[in-house]
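Biologist: Could you take me through one part of this model up close? I'd like to hear how a single residue sits in its surroundings, and then what lies around that.

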Amino acid sequence: MYRRAVVAGAFAVATAGCTDRIHDLAASAPGDIGVRSRYVDDDPLAPEESVRSQPPELLTHALSFRSATAARGAVRPGATRTRSFVDATPFVDDGGDAVLVIAQRLAPPGLDVRLGSVSRIGDRALRVAADEIGHRPGDEDDLAVHTLLVRLADERGPPERVVVSIEGDRAGVTI
């Protein structure tokens with residue numbers, strides 16, 4: 001019994017973050033855009049940055065960051081999974097080649113928001129499409145915050161605009 005728990009725990013630690021990478025590989029994206037994503041099943045953002053600070057009719061919210069300092073300033077100190085993703089991002093303004101887009105969705109608990117595709121919508125704009133996975137009918141009254149972190153490294157240079165679409169709801173951000 002104890003051995004089974006140890007093996008299960010070791011497997012969970014060994015594969016941590018791998019499911020995000022599998023979704024990244026399955027997502028459609030142009031070959032000259034490097035994409036990494038991470039789903040976070042809570043609200044890692046500071047209260048003033050969160051989707052909960054938006055008008056109640058807006059269920060999808062997005063933020064973009066070009067520097068580590070700005071991104072860290074928007075993330076709560078205890079949000080370790082989000083902070084590790086931010087720390088691993090080579091931001092454009094810090095001499096790297098990536099920007100970070102944080103998309104949030106108010107949706108029923110018990111689902112994930114996963115990267116579906118990244119596409120070009122003009123010379124300097126990108127569209128990030130994400131899907132809700134695992135929705136359970138009947139939970140519509142109790143909305144939870146779901147967060148998708150998306151790191152974009154475009155060989156053509158950083159985008160000027162990113163439009164995030166989650167289940168048809170859109171939020172645009174200027175980079």
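Modeller: Let's start with Glu132, which has a relative accessible area of 18% and counts as buried because the cut-off is under 20%. Bear in mind that this is a predicted model. Glu132 belongs to strand β5, and its side chain makes a polar contact of 2.7 Å with the side chain of Arg105. Setting aside neighbours within four places in sequence, Glu132 also touches Ala107, Leu111, Asp112, Ile166 and Glu167, besides Arg105 itself.

Now for the nonpolar side of things. The largest nonpolar core has 26 residues, and those touching the most other members are Val35, Val113, Val118, Val128, Leu152, Val162 and Val164. Strands β1, β3, β4, β5, β6, β7 and β8 each put in at least two residues of this core, with β3 giving the most, 4 residues. Take Val164: leaving out residues up to four places away in sequence, its contacts are Ala62, Val101, Ala103, Val128, Asp169, Arg170 and Ala171.

As for rings, a search of the whole structure turns up 0 aromatic pairs, but Arg151 does lie over the face of Phe85, at 4.2 Å from the ring centre.

How far can you trust all this? The chain's average pLDDT is 85, and 82% of the residues score at least 70. Residues 1-19 have pLDDT below 50, and that stretch has 1 contact in the model beyond near neighbours in sequence.

Methods
Residues numbered from 1 in each chain as written. Predicted model: local features only at pLDDT ≥ 70, side-chain atom pairs only at ≥ 80, totals over all residues. Heavy atoms only, no water. Phe/Tyr/Trp six-rings, centres within 6.5 Å; stacked < 30°, edge-to-face > 60°. Lys NZ or Arg CZ within 6 Å of the ring centre and 35° of its normal. pLDDT = per-residue confidence, 0-100. Contact = heavy atoms within 4.5 Å. Core = buried A, V, L, I, M, F, W, Y, C linked by side-chain atoms within 4.5 Å. Buried < 20%, exposed > 50% of the residue type's maximum accessible area, 1.4 Å probe, protein only. Polar contact = N/O pair within 3.5 Å; in protein donor to acceptor, adjacent residues only side chain to side chain.
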